[in-house]
Amino acid sequence: MSYNGKIVKECFPDLAIMKKKANDALFKGRNLPSFVRDFILRRCADKNGNVDGELVRQYLDTKMPADGESIKQRLIGGESINMTTRFTVNTDIAQGIVHFAMPDIGIVSDALVSSELLENKEDPLTDGEHWGNVTLVYVEPQARRKGFVLMTTYKSFNPYRIDMSYYMRAREKFTTEEWVDFLVATMEYNPEKFNLEQKLELISRLLVLVEPRLNIIELGPKGTGKSYVFNNLSKYAWLLAGGRTSRAKMFYNKSTKKFGVMKDYDVVGIDEITSFQFSDPDEMQSIMKSYLEAGKAAVDDVMFQSECGLMLMGNIPLDENMKPLDSSYVKKLPEMFRESATMDRFHGFVEGWKIPRLTNEHLIEGWVLNSEYFSSVLHILRTASEYDAVFAELVQTPSGCDLRDKKAVQRVTTAYHKLLFPHIHSLADIELDQVEMFKDLYDRWCLQPAVKRRQIIRSQCHLIDKEFKSEMQEFKI
């Protein structure tokens, strides 16, 4: 089936953008995530999706200047600079001040957030990374005080007002297969270059964005885009890379009394997990087990609590048929994740070896949904509780079912429901003669894929510890 980009344009006339590989050249030398690039492309395109390259360049030069030295000179010269950019915030409790840094343009020290700005309750500046529009001024040295850059205004990068009913009405105009293609295309991939099984593996990477505290593992070959979601699609996701992390970075820093990245994002991904190292792994395993189970963990006398999910991503050795060399997929994970009780706290597994190594031909050209809008929709869907009620009404839980199996299947099923059938909030939304059809769709596209992904976790636990049965009980509609 060929990808129907026209239906995307028809259903989302004000939010669709035309993806063309040629447009990538407009952002050469700019490390911008897709959600920012899409915003700029839509702003600088006509109704047919044709992008005015000169407008893009003007916008980048005006609102996203990249010449750090020029910016510093303009600030020192007394100019107030307004720009849209990426920056990080760090609170210094001892001195009672809040630092910010813009490493992309070389501002990494001597930069403070104004006290008035910190009092803004509508758009709070928490520690961590942000995208937004800011105004910078330079405060000259006085007496013993050094000069510094001051951030005087901030508006978070949320360019679209999200009307969920609009999104739901649009979904009704797609068949299930068309909507799967829509999701793949929104991830910037060409649906025509993947078979259905591969498409389902691709969109399974989105599960962690629509369901709170969903814990997923994906292992596969190099070059399949495992870290795409965290680097490009959503500002609500954070990627830990660099091969090492700590309890202070992830959960709580005892010295600074600050919470880590698991507090500030919808999901945190750990890339290259097979070679990742954790400082004090025994402490981390204890905290990780508690958090993966209940969403909270004690660090000394501080209780850390969050709704952030965790996704582990890494490479796995494959044979000539692109199948894992060893039935124990997790054998090369850090030791703390090879313990059965920790592994059992993950809800599902993505078989990354089913996704082909990506080439230029796998990239989409055509109408797709703006990724900034799409990521905001997924963020809102995370807290929509009505989808759990559909699971409770439709799914027959096996007698004596393992509690973790039930929770995992319910969470992953509900995540698929939000991705694929967001317009069905309850069976009352469906005409009476269509209920049985929806049950079949729910079983095929949501429940059974969830069972399969949890079954892989269960099988891996069995290989680690024979106390775990290798097979799960049957979940049925």
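Mentor: Let's start with a rule: angles under 35 degrees count as roughly parallel, over 145 as roughly antiparallel, 65 to 115 as roughly perpendicular, and the rest as oblique. The model is predicted, with pLDDT of at least 70 needed for local features and 80 or more for side-chain atom pairs, while totals for chains, interfaces and linings use all residues. Residues are numbered from 1 along each chain as its sequence is written, and side-chain values use heavy atoms, leaving out hydrogens and water.

Trainee: How are α8 and α17 placed relative to each other?

Mentor: Helix α17 spans residues 435–464, and its axis lies 13 Å from that of α8. (Axes are lines fitted to C-alpha atoms over the stretch in contact, with angles from 0 to 180 degrees between N-to-C directions; helices are DSSP runs of H or I, at least four residues, and strands of E, at least two.) The two pack at about 75°, so α8 and α17 are roughly perpendicular.

Trainee: Which residues of α17 make the contact with α8?

Mentor: Contact means heavy atoms within 4.5 Å. From α8 come L196, E197, L200 and E201. Together with their partners they divide into 3 nonpolar, no polar and 5 charged residues. On α17, the partners are R444, W445, K452 and R453.

Trainee: And how do α7 and α8 lie to each other?

Mentor: Helix α7 covers residues 176–186 and α8 covers 196–203. Their axes come within 10 Å and cross at roughly 55°, so the pair is oblique.

Trainee: How many residues of the contact of α7 with α8 are charged?

Mentor: V180, D181, L183 and V184 of α7 meet K199, L202 and I203 of α8. Of these residues, 5 are nonpolar and none is polar. The charged ones number 2.

Trainee: Which element gives the most to the lining of the largest pocket?

Mentor: This pocket (an open set of points on a 1 Å grid where a 1.4 Å probe fits, with protein on both sides within 12 Å along at least five of seven lines; lining residues have an atom within 4 Å of a point) has a volume of about 830 Å³. Its lining has 36 residues, with E129, H130, K235, Y236 and Y265 nearest the centre. Among the elements supplying at least two are β6 (148–156) and α10 (228–233). The top contributor, with 4 residues, is β5.

Trainee: How many charged residues are in the lining of the second largest pocket?

Mentor: That pocket has a volume of about 420 Å³ and is lined by 23 residues, with E188, Y189, Y228, N232 and L363 nearest its centre. The largest share, 3 residues, comes from α10. By class there are 7 nonpolar and 7 polar residues, and the charged count is 9.

Key
Ala, Val, Leu, Ile, Met, Phe, Trp, Tyr, Cys and Pro count as nonpolar, Asp, Glu, Lys and Arg as charged, and the others, Gly among them, as polar. Grid points are joined across faces, edges and corners, and a volume is the space filled by probe spheres set on the points.
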